[in-house]
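Subject: The structure we talked about

Hi,

Here is the structure I promised to pass on. Open it up next to this email and follow along as you read.

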Amino acid sequence: MDAPRPLVDRSLPMLAEGYAWLPNRMRESANQVVRTRVMGRPTLAVRGPEAVRFFYDEQHVRRHGAMPGPVLSTLFGHGAVHTYDGDAHRARKELFLPLLHVDRIAGVVEHVTAAWDDAVSAWPGRSRVVLQDETAVVLTRGVCRWAGIPLGDGEAEPLARDLIAMVDGFATLGPRHWRARRARQRQEARLSRLVENVRSGAVPAPADSVLDRVSRHRHPGGELLEPRTAAVELLNVIRPTAAISWFVAFAAHALHRWPANRERLCGGDPTYAAAFTHEVRRFYPFAPFLGGRAVTDLSWRGESVPAGGMVLLDVYGQNHDEKLWGDPYAFRPQRFLECPVQRDELIPQGGGDPGAGHRCPGEGMTIGLLEALTSRLARLEYEVPEQDLTISLRRIPARPRSGFVISDVRSPEA
């Protein structure tokens, strides 16, 4: 039997091609699996519902040790729930499981939509509104009220900027990355002090709020979380919520390109709002792929990776796989009215069971907020001035280059 061909490291092409890197490699594969090398490690990249279940099986793949330091120092934070597996992961995830409850989702939607309505009332007097930036502030205000995190006058805007910087800089080594690091350091220090003040009684936390739960949470051995670790987990609630501003900008982009969707959203049909939300999350680029470490020597569809090697789940490629979606590069919410969402097919925020595995427990919150905000956006009257609305697939995370600028805003009541 011939020895396996030596693997060439593909880290530079990965950085250069962005979202297209893995899909381009997958097109060269007959069985939706790619064997390569990334950051010096042998790597197996997989795609498809069966591959999702393979990837999220902790007997095959673990997240501990898989995330590069730059990602932890910007996006997730050192010591975050994402870095654990097994019992330790499940114990820490108890903090986030309430996010799965319908009443909790309804609560955050209520706070965020109230913040949206307040913000929109001031937009008619402004010459231009950068929708992604303004939505980030709205989401930050709403989620902090819901989570019990106090915000003083003038604190929402700088906090929103820092939360967005953490997301915007995790996948680059340039100025955006260093801005993200500084933002995380600032907010971890601020929220560490808040946790200490809650524990000392100097600052009250609403009973059973996220702030209260995180401040009281203990390691499996019984010790309270270190204040810095508690701050990391608070950020892992409010940061992803602020990041929904990306999807709102994408929704505005979709309404601009395919305006027929606006009328159906304005009609108040919740089924169509859900379908539109799913299509925005499927069609537009956010997470390119997810990574883990092989627990043991693994083989998938004839390709192998040794224990300690990397396993990548091709998120963007799967959400644009013609075998699953038929016409993946057509924006067509109707597909989700024709066929119910399957858990391991649509994976913009990961796959598997959110209660037991690594799938984002805030996915339901993302869907609920997007349904509410896109319906409000569809009812809002505004102009779209000339601007650069291109979305580069080389930039991670991708976004409309202009942030989606609107002008001459007229509120629905006007």
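Start with helices H7 and H18, which cross in a right-handed way. Bear in mind that this is a predicted model. Two packed helices are described by the angle between their axes and the distance between the axes. H7 covers residues 131-147 and H18 covers residues 363-379; their axes come within 13 Å and cross at roughly 130°. An angle of 65 to 115 degrees would count as roughly perpendicular and one over 145 as roughly antiparallel, so this pair is called oblique. To see where the two helices meet, show Leu 131, Thr 135, Leu 139 and Trp 146 on the H7 side. Their partners on the H18 side are Met 365, Leu 369, Leu 373 and Leu 377.

Thr 113 sits in helix H6 (residues 102-120), and Thr 113 touches Ala 372, Leu 373 and Arg 376, leaving out residues up to four places away in sequence. Is Thr 113 buried or exposed? Its relative accessibility is 8%, and buried means under 20%, so Thr 113 counts as buried. Its side chain also reaches back to the backbone oxygen of Glu 110, at 3.2 Å.

Now for another helix pair, H9 (residues 175-200) and H11 (residues 227-242). Their axes come within 8 Å and cross at roughly 115°, so H9 and H11 are described as roughly perpendicular to each other. The crossing of H9 and H11 is right-handed. The list of residues that meet here includes Leu 191, Ser 192 and Val 195 from H9, and Ala 231, Leu 234 and Ile 238 from H11.

Two residues of H11 deserve a click. One is Ala 230, which is found in this helix. With a relative accessible area of 0%, Ala 230 is buried. Not counting residues up to four places away in sequence, Ala 230 touches Val 195, Arg 199, Val 214 and Leu 225. Ala 230 and Glu 188 are 42 residues apart in sequence, and their C-alpha atoms are 8.8 Å apart in space.

The other is Ile 238. Which residues does Ile 238 touch, not counting those up to four places away in sequence? They are Val 143, Cys 144, Ile 149, Leu 159, Leu 163 and Leu 191. Ile 238 is also among the residues with the most contacts inside the largest nonpolar core, along with Trp 123, Leu 131, Phe 276 and Ile 406. That core has 89 residues. There is a second, separate core of 19 residues too, including Phe 55, Ala 294, Val 315 and Ile 347.

Next, have a look at some loops. Asp 321 is in the loop between helix H15 (315-319) and helix H16 (322-325). At 5% relative accessibility, Asp 321 counts as buried. Setting aside neighbours within four places in sequence, Asp 321 is in contact with Gln 32, Arg 47, Gly 326 and Pro 328. With Gln 32 there is a polar contact between the two side chains, at 2.6 Å.

Gln 32 is itself in a loop, between helix H2 (21-27) and strand E1 (33-38). Like Asp 321, Gln 32 counts as buried, with a relative accessibility of 12%. There is a backbone detail here as well. Most residues other than glycine have a negative phi, and most peptide bonds are trans. Gln 32 has a positive phi, near 55°. Met 39 is not a glycine either, and has a positive phi of about 50°. You will find Met 39 in the loop between E1 and strand E2 (41-46); with a relative accessible area of 49%, Met 39 is partly exposed.

What about the peptide bond from Ile 396 to Pro 397, is that one cis or trans? The bond is cis, with omega near -5°. Pro 397 lies in the loop between strand E9 (381-383) and strand E10 (405-410).

Terms used:
Residues numbered from 1 in each chain as written. Predicted model: local features only at pLDDT ≥ 70, side-chain atom pairs only at ≥ 80, totals over all residues. Heavy atoms only, no water. Core = buried A, V, L, I, M, F, W, Y, C linked by side-chain atoms within 4.5 Å. Buried < 20%, exposed > 50% of the residue type's maximum accessible area, 1.4 Å probe, protein only. Contact = heavy atoms within 4.5 Å. Helix = DSSP H or I, 4+ residues; strand = E, 2+ residues; numbered from the N terminus. Polar contact = N/O pair within 3.5 Å; in protein donor to acceptor, adjacent residues only side chain to side chain. Axes fitted to C-alpha atoms, helices over the stretch in contact; angles between N-to-C directions. Parallel < 35°, antiparallel > 145°, perpendicular 65-115°, else oblique. Left-handed = near helix turned anticlockwise from the far one by under 90°.
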